[in-house]
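These are my notebook entries on a single protein model.

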Amino acid sequence: MNRVKRNAALVVLLASSSLLAQTQQKFSTDQLGAPILRDPISVYNNWSSYDELSDNIPLTQELAMRELNEVLRLRKLGVRFDYYMMDAFWFDPNGGYRTWRKPNWPDGPDIWIKTCQQNGIRPGLWFSSNTLVKINAAPAWRDSLNKKGWAMSFYKGGFLPDFMDVLQYWYDKGIRMFKFDFVDLTIAPAEDEGKLSKEEIVRRNTDALREALAKFRAKNPDVVFEAFNGFGGDMDSTYYPFPFKTPVDLDWLKVFDAQYAGDPRPSDVPEMSFWRSMDIYSDHQVRRYEQAGLPIERIDSTGFMVGKTGTIYYRAMHAWKSALILMMARGGWIDTTHGNLELISDDDARWFARVQSLYLHFQSEGRIKSFGEIPGEVQTYGFGALDADGSVYVVMNPAQNVARVEMPLLSQAQNPLGEGRILFRDAGFVPRLSGNSIELGPGQMAMIGFGKYASSAFDFGIQQDVVIPRSIHPVPAEFHETGKGVIQATIPAPAGGDLRLIMQQYSPDGSLRRTWAGGPPSGTNMSKVFLLEATQDGKQLPIREDYDKVVWSGLSWAVGEIGARDLHAGEPLTLTFRSMEKDPITLKGTLYLVNY
């Protein structure tokens, strides 16, 4: 290129650079294209720092402001938060969603809203849609009430117009995100009950609410709407048949930015780590909603929740690192952190920020895709993220065996994977990486980088509080029913390792059956509902358990381990598995020899 052409090109380049700079200065996410949510967002939700459903820890102004201060602390350490969602029960039961509950909120919401805005955080509010959950019907809602008086129709009466006025009222005060929970689209006003089919009622409610939300979005284009319970899908277990019994109406994506996939709970996949079974639940739900037609970006897995309340089984920070990586790796564009942020140390926050930064990059500028089998079917699977420089795979083996996971190319334009690097794994079993596949231990999760990401700069370490056996082998045993809800087997105690005990509970039709024993504070610990007992030489042996929790969401399994030092190899060992479930059930027992 001669000097004249080079100078001309330089003039064009400088002009383009100036234009680009001007464009960046004026940048707004509102100018980006579809989907409705124009870029990934990071949300803090204060649910599980308090819990008024499965625990008795109330939401207060003091608690909410304490967590806001923690949000600001974490932001200084590099964690990104764009929104603060005030979850359930902020409202006065008699205020029609317009006033805040006293004495819990002596100053009302103004300080919270103002502090959020001053720090560039957009506040959000939770609503129980059309059901009366800890709120009484306002006068304007009463002609929409059903006969039992606990829910309102959207399609007739004064509820929907007043509800939309409420949303606009809070939008005008600075609220920019709305969470719609506990919707019931089958509700008809008392005068219509028995006159219309269920299908017609659902159609009318759906049309009315969707039209109202669309009008609200058109008037307030920067609003974020998220759909929670009641908008389709099955959440109680991971054993349900598919397609969903409660179908997902994809037309809701015209007004909602995302659909959540279920609160954290154990899956029906038994794991020695209770928290790993919870990881598998959220993985499973995302895959099922994806199968139902939702783009992966529009699914909020709601899988990262730390806290000191019953809703999260008093998890605190147990096994939090894999939960965070998986929440980000699943690819949803609403990345929500729930709970007690004061539990996150400064060092933890810096680690959190690195994971978040990596995946927000992939969500914004790359692609994330799922691969493999369905988690609840106890086969290997994963989530892969890629850009022009490389890829990161997060893989899981939910089974009780060592398994090899294939990591497929995620795009026809993707380069061959080349040499990879294990970036994160559970303690114990050391995964063996070979080309595009990796061998994982039972119940193990790992993160692998390729290309640019096969570098120590992206190492995230080893999760020490989930320990995977270095070997596992089935132990033959014949269990026999000895009474209602009781099975028993006697075997020669194995040598050379710990004995893992697994009990699973089934309905008479062969489907896995959960037992619901209540939530805190009055619920029953599952170790008193599912009992694993081992006796040898007339003595009861100690059994390590991690399912010994009050589980509001129910459980269908129990897992425990007897340490090798407590076993007399070759001597008779009697194992008794018992369920206190009152309904007819059958139990299945399996055993494994594991070495750590």
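**Entry 1: secondary structure and overall form**

I counted eight helices and 28 strands in the protein chain. Both are DSSP runs numbered from the N terminus, with helices being H or I over at least four residues and strands being E over at least two. I worked on a predicted model, in which local features need pLDDT of at least 70 and side-chain atom pairs count only at pLDDT 80 or more, while totals for chains, interfaces and linings use all residues. Residues are numbered from 1 along each chain as its sequence is written, and side-chain values use heavy atoms, with hydrogens and water left out.

I then looked up the extent of the C-alpha trace, which spans about 85 × 80 × 45 Å along its principal axes. The radius of gyration is 26 Å, which agrees with the value near 25 Å that a compact globule of 596 residues would have. I took this radius over C-alpha atoms, and the globule rule is 2.2 Å times the number of residues to the power 0.38.

Of the 596 residues, 58% count as buried. Buried means under 20% relative accessible area, exposed over 50%, and partly exposed in between, with a 1.4 Å probe and protein chains only. The chain exposes about 24300 Å², of which carbon and sulfur atoms supply 51%; the areas come from the Shrake-Rupley method with a 1.4 Å probe, and for residues only the protein chains shown count as cover.

I also looked up contacts (heavy atoms within 4.5 Å). Among those with a separation of 6 or more, residues 24 or more positions apart account for 76%.

**Entry 2: pocket and cavities**

Rolling a probe the size of a water molecule over the atoms shows where empty space is left. On a 1 Å grid over the protein atoms alone, a cavity is a set of points where a 1.4 Å probe fits but cannot get out; a pocket is an open set with protein on both sides within 12 Å along at least five of seven lines; lining residues have an atom within 4 Å of a point. Grid points are joined across faces, edges and corners, and a volume is the space filled by probe spheres set on the points.

I found about 530 Å³ in the largest pocket. Its lining comprises 18 residues, with Leu185, Thr186, Val202, Gly230 and Thr246 nearest the centre. By class, this lining divides into seven nonpolar, seven polar and four charged residues. Ala, Val, Leu, Ile, Met, Phe, Trp, Tyr, Cys and Pro count as nonpolar, Asp, Glu, Lys and Arg as charged, and the others, Gly among them, as polar.

Leu253 is buried, at a relative accessible area of 16%. Beyond four places in sequence, Leu253 touches Ile36, Leu294, Pro295 and Arg298. From Leu253 to Asp263 I noted 10 residues in sequence and 20 Å between C-alpha atoms.

**Entry 3: backbone exceptions**

Most residues other than glycine have a negative phi, and most peptide bonds are trans. I noted a cis bond from Lys102 to Pro103, with omega near 0°; Pro103 sits in the loop between strand 2 (83-86) and helix 3 (110-118). The bond from Pro520 to Pro521 is also cis, with omega near 0°, and Pro521 belongs to the loop between strand 22 (498-506) and strand 23 (530-536).

Ser129 is not a glycine, yet its phi is positive at about 45°. Ser129 is in the loop between strand 3 (122-127) and helix 4 (159-172) and is buried at 2% relative accessibility. Tyr313 has a positive phi near 60°, lies between strand 8 (305-306) and helix 7 (320-329) in a loop, and is buried at 3%.

**Entry 4: two further buried residues**

What does Gln285 contact beyond its sequence neighbours? I found Asp234, Met235, Ser237, Tyr240 and Ala261, leaving aside residues within four places. Gln285 belongs to helix 6 (residues 274-291) and is buried at 0% relative accessibility.

Met407 lies in the loop between strand 13 (403-406) and strand 14 (420-428) and is buried at 1%. Its contacts outside four places in sequence include Phe371, Tyr393, Leu433, Ile448 and Phe450. Met407 and Leu433 are 26 residues apart in sequence, and their C-alpha atoms are 11 Å apart.
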